[in-house]
Amino acid sequence: MNSESSNSRRDFLAKTGSLIAGSIFIHPVSEALNLWNKPGEKMKLALVGTGIRGTTMFGRDVMRVYKDQVEFVGLCDINEGRVKYAKTFIGVDCPTYTDCDQMLKEVRPDVLIVTTMDSTHNQFIIKGLEAGINVITEKPMTTDEVKCQNILDAERKSGKKVIVTFNYRYSPHRQKIYEILRAGEIGTITSVDFHWYLNTSHGADYFRRWHGYRDKSGTLLVHKSTHHFDLLNWWLDSDPVEVFAFGELEFYGKNGPYRGETCRSCTHKNECDFYWDVTKNEHLKNLYVENEQYDGYHRDGCVFREDINIYDKMAVQIKYKNKVQVSYSLTTYSPYEGYRIAFNGTKGRVEAWVKESQPWKVEPQDEIRLTKNFGESEIIVVPHGGGGHGGGDTRLKDKIFKDPSMADPWRQAAGTRDGAMSCLIGIAARNSIETGKPIKIKDLTDIPLAESGRGI
Ligand SMILES: NC(=O)c1ccc[n+]([C@@H]2O[C@H](COP(=O)([O-])OP(=O)(O)OC[C@H]3O[C@@H](n4cnc5c(N)ncnc54)[C@H](O)[C@@H]3O)[C@@H](O)[C@H]2O)c1
């Protein structure tokens, strides 16, 4: 970068920084999403769903970093072997349960963390709210429109709050895009091109697990794309109004050349590119393989199982209340992982090509290109944050556990409205594929749609 462009970048960063700082004072969301108002006292946590996410991100990692702020008072999972192992792995001394109602009654936590399979989130969010406590739930908030409405109703009735953990919002690169857009650098945003690629390792893994079934994950349009749709809603600061989509299953599932039940028991180990030995990872072996006797769940299911019924390529068109049009796609069998995004505006364009896996060298930083109509093009470099999901996981947990009253100038804390709006786009896309018709978001729940995504 030459000195002229680095000067203009400094001016630009200073400008966006002050604009964002100014917005702290007009933002009501962070107040509402502070789950804790007893500074000095430890937050009593109960967790339901002691799988990989529950034991690591919200289990062991929370105990390692926030043990002065929180304590676990109960762990629950439908699999009795897994929840016992989880207690040892997380390193806590609380009771374990297979019945969440019993846990809530006996241990009386301040907050319930929900990290179960997607299609069950609604049950536990509602149980927590009805027990009179705040809830932290993993994404997607839920998997269909009826469950979504039930969560909204339960929250309104309870007077308690639900945080939906959209960690993707917290990565420094995506935060910088938010700043650039909010600062008006490209004028009024008119359209977005957004294309996400999952590779034959991470992408294929969704087809090994429960995620391959529509009734459990809601399809990847809900399970995975909820992250991407939430980013869009947040970046664009508007509500989605209408969705049209196509989707097919044409690579995994019944399309495979051969199949078995699991990789471990398969006769095609030597010829299958997707062969994967779950027992090589000690934690995965202890979590899943050692506990198959309790629920029959195989973590290394064949990616070519005949009964997989989700899509592996998806294309979605979204129209927003502020008239922005989005073209989105998700491909699940790419040779590499990452995404391309471009925002087209009346005064220019912001774009990024984020590479998340080999074959390219994955740099410790990402770039954003900002190009003004009739003007210059500059590259803005954003270093990755430390920890999972580009630094997002750590920053999200700091806000929830370390300093819940922390200011939220980028509006990264998300509640049920944001949780609903993102999963409703995926649900609408799925309904559109199934009916061949465009789906209106307002027909799915009673949330009034707004020009601004904050409901104002
Ligand atoms: N934000 C992110 O980046 C991110 C990353 C990974 C997972 N997740 C989310 O975390 C959640 C858990 O995913 P995971 O990868 O840990 O899956 P997992 O299969 O490892 O764990 C899910 C756990 O839920 C338990 N469970 C299922 N139904 C239950 C029920 N009715 N009652 C009690 N327990 C039940 C299972 O036995 C299992 O232990 C999912 O909702 C997923 O979307 C989010």
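## Polar contacts between domains 1 and 2

Between domain 1 and domain 2 there are 11 residue pairs in polar contact, both residues at pLDDT 80 or more. A polar contact is a pair of N or O atoms within 3.5 Å; within protein, one must be able to donate a hydrogen and the other to accept it, and residues adjacent in sequence count only if both atoms are side-chain atoms. One salt bridge is found across this interface, the term denoting a side-chain nitrogen of Lys or Arg within 4 Å of a carboxyl oxygen of Asp or Glu. Arg53 and Asp393 form a salt bridge through their side chains (3.5 Å, N to O).

## Basis of the model

The model is predicted: local features need pLDDT of at least 70, side-chain atom pairs count only at pLDDT 80 or more, and totals for chains, interfaces and linings use all residues. Residues are numbered from 1 along each chain as its sequence is written, and side-chain values use heavy atoms, with hydrogens and water left out.

## Domains and buried area

The domain assignment, which is automatic or from a database, gives domain 1 (33–164), domain 2 (168–252 + 308–443) and domain 3 (253–295). The C-alpha centres of domain 1 and domain 2 are 26 Å apart.

Contact (heavy atoms within 4.5 Å) links 32 residues of domain 1 with 31 residues of domain 2. The two domains bury about 2,600 Å² between them, 68% of it on carbon and sulfur atoms; buried area is the accessible area (1.4 Å probe) that two parts lose on being put together, summed over both. Within domain 1, Tyr66, Met117 and Lys139 lose the most area to domain 2, together 22% of what that side buries.
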